[in-house]
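User: I would like to go through this structure by question and answer. Please start with the overall figures and then move to the details.

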Amino acid sequence: MTSTVLIHSCVPFWGDENDDDFLIASNYEPIIMKRSVFETTTTLESTPRAIENSGKIYVKDDYIFINEVNEGFHLINNSNPSNPQNIGFIKVLGSSDLSIKDDVIYINNATDLIAVTIDDTSETLTITKRLENVFPQIWSPEGMSYYNLEQDDIIVNWELIN
């Protein structure tokens with residue numbers, strides 16, 4: 001089964017040359033959340049997850065952060081490099097990258113940029129700042145954008161439907 005995705009383009013690939021909206025079939029369907037729900041989903045999970053779809057890797061001091069594409073970051077304690085320990089997961093929907101300065105972790109959270117801190121003692125994560133709509137909506141793995149969204153909709157991932 002395929003879904004129909006509305007694509008907006010300055011130059012259509014086919015159809016009426018004066019019509020800049022056209023429909024195409026996609027093998028992926030966007031996973032969409034309302035902003036009010038989306039902003040509550042970033043958490044620190046003390047139970048590690050298996051690495052399934054890794055992205056970028058970031059190293060800071062004794063820790064390795066491995067991106068689980070569009071889901072968050074695996075937190076690896078590498079204080080003993082011969083025996084690294086997967087110690088938790090930072091759940092950040094729509095994430096692909098992070099940067100760290102001092103003790104602040106900056107992460108793309110779908111369309112937003114967030115700054116977070118982690119309290120090792122209480123094992124809690126706090127969002128200290130959120131800049132909304134810094135990034136465009138996440139494109140599908142097929143390279144398509146999805147513009148048929150309501151104002152408060154955020155694409156957090158894409159799901160294969162075939």
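**Burial, fold and contacts**

Analyst: Of the 162 residues in the chain, 36% are buried (buried is under 20% relative accessible area, exposed over 50%, partly exposed in between, with a 1.4 Å probe and protein chains only). This is a predicted model, in which local features need pLDDT of at least 70 and side-chain atom pairs count only at pLDDT 80 or more, while totals for chains, interfaces and linings use all residues. Residues are numbered from 1 along each chain as its sequence is written, and side-chain values use heavy atoms, with hydrogens and water left out.

User: How many helices and strands does the chain have, and in what order do the elements run?

Analyst: Helices (H or I, at least four residues) and strands (E, at least two) are DSSP runs, numbered from the N terminus. The chain has one helix and 13 strands. From the N terminus on, the order is β-β-β-α-β-β-β-β-β-β-β-β-β-β.

User: What is the volume of the largest pocket?

Analyst: A pocket is an open set of points on a 1 Å grid over the protein atoms alone, where a 1.4 Å probe fits, with protein on both sides within 12 Å along at least five of seven lines; lining residues have an atom within 4 Å of a point. Grid points are joined across faces, edges and corners, and a volume is the space filled by probe spheres set on the points. For the largest pocket the volume is about 440 Å³.

User: Which residues that line the largest pocket are the closest to its centre?

Analyst: The lining of the largest pocket divides into eight nonpolar, two polar and eight charged residues (Ala, Val, Leu, Ile, Met, Phe, Trp, Tyr, Cys and Pro count as nonpolar, Asp, Glu, Lys and Arg as charged, and the others, Gly among them, as polar). At least two lining residues come from each of β4 (43-45), β6 (63-68), β8 (85-91) and β11 (112-119). Of the 18 residues in the lining, the closest to the centre are Tyr63, Phe65, Leu75, Ile118 and Asp120.

User: Which residues form salt bridges with Lys34?

Analyst: A salt bridge is a side-chain nitrogen of Lys or Arg within 4 Å of a carboxyl oxygen of Asp or Glu, and the structure holds 10 of them. Lys34 pairs with Glu150, with the closest N and O atoms 3.0 Å apart; Lys34 lies in strand β3 (residues 28-34) and Glu150 in the loop between β12 and β13, so the pair ties together parts that are 116 residues apart in sequence. Lys34 also pairs with Asp153, at 2.8 Å between the closest N and O atoms; Asp153 lies in strand β13, so this pair ties together parts 119 residues apart in sequence. The partners of Lys34 are therefore Glu150 and Asp153.

User: Where does Glu39 lie, and which residues share its network of salt bridges?

Analyst: Glu39 is in the loop between α1 (35-38) and β4, and counts as partly exposed because its relative accessibility is 29%. C-alpha to C-alpha, Glu39 and Leu93 are 9.5 Å apart in space, while 54 residues separate them in sequence. The network links Glu39 with Arg35, Asp112, Arg130 and Glu132.

User: What is the phi of Glu123 and of Asn133?

Analyst: Most residues other than glycine have a negative phi. Glu123 lies in the loop between β11 and β12, and Asn133 in the loop between β12 and β13. Glu123 counts as exposed at 52% relative accessibility, as does Asn133 at 51%. Phi is positive in both: about 55° for Glu123 and near 55° for Asn133.

User: Which residues form a nonpolar patch on the surface?

Analyst: Patches are made of residues with over 30% relative accessible area and no salt bridge; like charges are joined within 9 Å and nonpolar side chains (Val, Leu, Ile, Met, Phe, Trp, Tyr) within 5 Å. Accessible areas come from the Shrake-Rupley method with a 1.4 Å probe, and for residues only the protein chains shown count as cover. Val134 is in the loop between β12 (124-131) and β13 (153-160), and counts as partly exposed because its relative accessibility is 43%. With about 230 Å² of accessible area together, the patch is formed by Leu131, Val134 and Phe135.
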